[in-house]
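I opened this entry to look up a few side chains and where they sit. The structure goes in first, then my notes.

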Amino acid sequence: MKTGVCYYPEHWPVERWSVDAKHMRHLGLSHVRIGEFAWSRLEDANGELHLDWLKNAIDVLHAHELKVVLCTPTATPPRWIVDKHPDMLALDEHLHVREFGSRRHYCFSHSGYLEECTRIVRVLADAFGDHPGVVAWQTDNEYGCHDTAISYSSHALKAFQHWCSESYASIDDLNSAWGNVFWSMEYERFDQIGLPVGNVTESNPAHQLDYWRFSSDQIRRFNKAQVDIIRVQSQGRDVLHNFMGNFVQFDHHLVSKDLDIAAWDNYPLGFLTRDSIDEADKERYLRTGHPDGSAFHHDLYRGCCGARWWVMEQQPGPVNWAPYNPSPLPGMVRLWGWEAFAHGAEVMSYFRWRQAPFAQEQTHTGLLLSNGEEDIAAQEVAQLNRELLLIDDPGGFSVVANVAIIFSYSGLAMQDIQRPGGAAFSALTFCQSLYSACRRWGLNVDVVSPEASLDKYSLILVCNHTEDDALFAQRLMQCSQGPGRATIVLFPGSGSRSQYYTAPEALPPGNLQALIDVRVVRSESLPPGHTMSATGTKQQPYHCSQWRELIDSSLSPDARFADGWGFHYKNGRVHYINALPEFMDLFRLTGELADEARLPITDLGPDLRTQRIGNYRLAFNYGAQTADLEKRLGSVFNFTPDTSLLVGEHQLRPAEVAVWMVT
């Protein structure tokens, strides 16, 4: 793994660039991302280009043997572009204009803005596509950030009407697929179709789902238009985009089909304080981030582009955008770097080089203070880079996982539209809880799309593949058969809706009934704080909340709730879990499933985590207490008093990392 940094030469005097480049090399950095917000400095309102400063910056960085990731500047169209195309601005769900004055102020469906974007990308690719210092390109920046993935503008409406006409053979077919006979919502022409917002009550869920799919397609179209230009004019360079954490407003697997590398922006403390609903976790991990928060996204994005992935922006200290912005515990910036390595990152890039003394991000820290002096994280990054030199594996640095979590973006959208688990239910949060339960057992996990190959996994967990997919069911059937058959686990909602958001004719889980004889005849959601216990042959009951399904089956459940509803149905090595266990019961359940799949496990506790990559194993301590690795890892991971560590100690202190070779 190499390390890099996000740099803004346009923010600083020219004479500073060489000083900064030398300092970057001194810290061990090798990659520099530039240009993503620089359009106003690249082109003025008269259409005159000003590329000399950018060439100078790339030349300076290249002269110091730094590899440049050059960005397209399309996330921040300058004022003159908006004046030229005043209707390019997106509209939110309240039909309010997303005005100029910050960033991401454009609608993906505006053809005029797309033409401006392809023009400036072509200019940059022509000017710098063959520059020896440019090794990769980043398209735009953080698609969808600030809730901009979906626009409700007039341009989006017209594009959606056209999308519908291309997706359905006739308006009658659309009416039938959407069930528009309900409430007399039938259309006579495609140009009558409106936006799924502003209705008296809930808009048709099929309409909402297709609009989500349309919006994903528009983002892919926008991204691919840039990628296609770069492929021609900058051959041999990787193309990537920087996705975000805890963000599912479009299909990242779909967009990644046109990329070489899936990158993402990792802000562990910001995500915890902004997104977590668990107040105990917020307090416990205030200065470290959740032990599985970054890892989940590492494994998710590793599954997007054939295992090639980067961290494009890594938090180095307090951020500016979360409700509260604590400082990381000393050592965490280094730990986060090692964790990215352990999950297969090619590059870990820090945001940003120098703290900005002006505009919106003044309180967002960098590796340097705003006056140019080193901030705290600089030395942790330097230490990480020195330690990475100790690692050498001729066999390569691949992550081998025996567990797969099937992660479907459209499945999440389906569950979020009508929320079968109740108003407080989050399909994404449940996926992350399932992942966390596996990680606490010490398991390496792949988070993969429903289209991924599943042959190599011993345990396959289907937590949010809501769509009733016959081909997917057939592939699972193949995995469940033969001498090397996998343990397959289906959770509530699996296969419960067609691609048009209708219930399967044979009832949920639809085609998955070929694997296990269960039919969902009723589904209920439970208010926060309401827990129901299922008791069976196991000594401990399972405490479940949020979402429960009533099953009709020839199979006997492993346990029953007090009202007679069954819990946990099993056919050979295929399981249907028809309620959502509370976390510790979910953890216990995943342990039982891992045992069935013959996977070695041990309870690491809430704070210790381990990951294997190539011939190395790493341990990370997110807790407030020292962890005894011999006691905690023991014989399961062959950690003995004689285990020699390349990095760290057997008594692993808080925010510390241990690295050792395994056979």
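Entry 1. I noted that the model is a predicted one. I looked up Ser-184 and found it in the loop between α7 (171-178) and α8 (205-233). Is Ser-184 buried or exposed? Its relative accessible area is 67%, and exposed means over 50%, so Ser-184 is exposed. I also checked Ser-184 against Leu-269: they are 85 residues apart along the chain, and their C-alpha atoms are separated by 48 Å.

Entry 2. I looked up the aromatic pairs, and the count is 39. One of them joins Phe-108 and Tyr-143, with 5.8 Å centre to centre and 70° between the planes, which is edge-to-face. Phe-108 is in the loop between α4 (79-84) and α5 (111-128), and Tyr-143 is in the loop between β4 (134-138) and α6 (154-167), so this pair ties together parts 35 residues apart in sequence. I found both Phe-108 and Tyr-143 buried.

Entry 3. I then took Phe-639 and Trp-660. Their ring centres are 4.9 Å apart and their planes are at 80°, so I wrote this pair down as edge-to-face. Phe-639 lies in the loop between α19 (629-633) and β24 (645-647), while Trp-660 belongs to strand β26 (residues 657-661), so the pair ties together parts 21 residues apart in sequence. Phe-639 and Trp-660 are both buried.

Entry 4. I traced a cluster linked by ring pairs; among its members are Phe-243, Trp-264, Tyr-301 and Trp-321.

Entry 5. Last, I looked for charges over rings. The charged end of Arg-440 sits over the ring of Phe-587, 4.7 Å from its centre. Arg-548 lies over the face of Trp-565, at 3.8 Å from the ring centre.

Methods: Residues numbered from 1 in each chain as written. Heavy atoms only, no water. Helix = DSSP H or I, 4+ residues; strand = E, 2+ residues; numbered from the N terminus. Buried < 20%, exposed > 50% of the residue type's maximum accessible area, 1.4 Å probe, protein only. Phe/Tyr/Trp six-rings, centres within 6.5 Å; stacked < 30°, edge-to-face > 60°. Lys NZ or Arg CZ within 6 Å of the ring centre and 35° of its normal.
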